[in-house]
Amino acid sequence: MSRPWYTHTAQQLLEKRVEEHPEKAAFVYAKDGTEHVTTFEELLNDANRAAAALDAHGVEAGDHVALHLATLPEFITLTYGALQLGAVVNPYNAMWGREECGAVAHRADPAVIVTMGEFGGKDYTEVVQSAIPDLEVTADGVSSDSIPTLEHVVTVGVDDAPDGPFSDYETFM
């Protein structure tokens with residue numbers, strides 16, 4: 001049985017939604033006790049911005065982009081942005097700790113890891129740092145002998161990114 005959605009990329013489907021329903025809600029989320037709506041048009045614009053940022057930071061088709069995030073808007077935006085470039089999106093379970101993140105990161109060889117600051121009582125920046133003990137800051141991002149493909153670690157939702165190997169999301173974008 002032929003399924004028409006298999007003949008389109010995620011980007012093409014998003015663009016079609018924008019043409020048909022630009023002002024309809026793509027997703028709704030709560031932040032600081034307030035409901036926020038992102039329309040399909042806004043999602044496409046944000047995804048284009050994410051794709052441009054990933055591209056500017058050297059992400060290419062076939063590279064892996066690891067997302068160690070809860071259900072945040074940035075997860076959706078970065079997923080679409082990475083897919084636009086032909087990158088592989090590797091979502092990490094937000095419940096994972098040091099061992100799980102380290103095992104997957106060392107097997108998946110990400111070019112970029114995007115994580116959160118503190119969320120649900122867990123410091124995700126600490127999880128990433130402890131999962132990749134040889135992570136070092138460079139002038140252009142990060143380096144790791146154990147994950148030679150890794151060039152950037154980005155933190156979402158932290159107003160003041162910690163010193164060390166992490167860029168904050170807005171600066172990265």
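**Pocket, sheet and cavity of the predicted model**

At least two residues of the lining of the largest pocket come from each of β1 (25–31), α2 (40–56), α3 (73–85), β6 (118–119), β10 and α6 (169–172). Helices and strands are DSSP runs numbered from the N terminus (H or I, at least four residues, for helices; E, at least two, for strands). The model is predicted, with local features requiring pLDDT of at least 70 and side-chain atom pairs counted only at pLDDT 80 or more, whereas totals for chains, interfaces and linings use all residues. Residues are numbered from 1 along each chain as its sequence is written, and side-chain values use heavy atoms, with hydrogens and water left out.

By class, the lining of the largest pocket contains eleven nonpolar, six polar and nine charged residues (Ala, Val, Leu, Ile, Met, Phe, Trp, Tyr, Cys and Pro count as nonpolar, Asp, Glu, Lys and Arg as charged, and the others, Gly among them, as polar). Pockets and cavities were located on a 1 Å grid over the protein atoms alone: a cavity is a set of points where a 1.4 Å probe fits but cannot get out, a pocket is an open set with protein on both sides within 12 Å along at least five of seven lines, and lining residues have an atom within 4 Å of a point. Grid points are joined across faces, edges and corners, and a volume is the space filled by probe spheres set on the points.

Strand β1 is joined to β2 by six bridges, and the two strands run antiparallel (strands pair if DSSP finds at least two bridges between them). Within this hairpin, two residues lie between the strands, and Asp32 adopts a positive phi near 55°. Ala25 is placed opposite Thr39 in β2. Thr39 belongs to strand β2 (residues 34–39) and is buried, its relative accessible area being 9% (buried means under 20%, exposed over 50%, partly exposed in between, with a 1.4 Å probe and protein chains only). Residues up to four places away in sequence aside, Thr39 touches Pro22, Glu23, Lys24, Ala25 and Ala26 (contact means heavy atoms within 4.5 Å). In helix α2, Ala52 is partly exposed, at 45% relative accessibility. The C-alpha atoms of Ala52 and Gln84 are 9.4 Å apart, although 32 residues separate the two along the chain.

An open sheet is formed by five strands in the order β4-β3-β5-β10-β11, with parallel pairing. Strands β4 (88–91) and β11 (166–168) each have a single partner strand and stand at the edges, so one side of each lacks a neighbour in the sheet. From one strand to the next, the twist averages 25° (axes are lines fitted to C-alpha atoms, for helices over the stretch in contact, and angles run from 0 to 180 degrees between N-to-C directions). Three bridges connect β10 (residues 152–156) with the parallel strand β11, and Thr155 lies opposite Asp168 in β11. Helix α5 (residues 124–131) packs on the sheet and touches β3 (64–68), β5 (110–116), β10 and β11, while its direction makes about 145° with that of β5.

One cavity of 30 Å³ or more is present in the structure. The largest cavity has a volume of about 40 Å³ and is lined by Tyr92, Cys101, Ala105, Ile113, Val128, Ala131 and Ile132. Helices α4 (98–108) and α5 each provide at least two residues of this lining. The lining of the largest cavity consists of seven nonpolar residues, with no polar and no charged residues.
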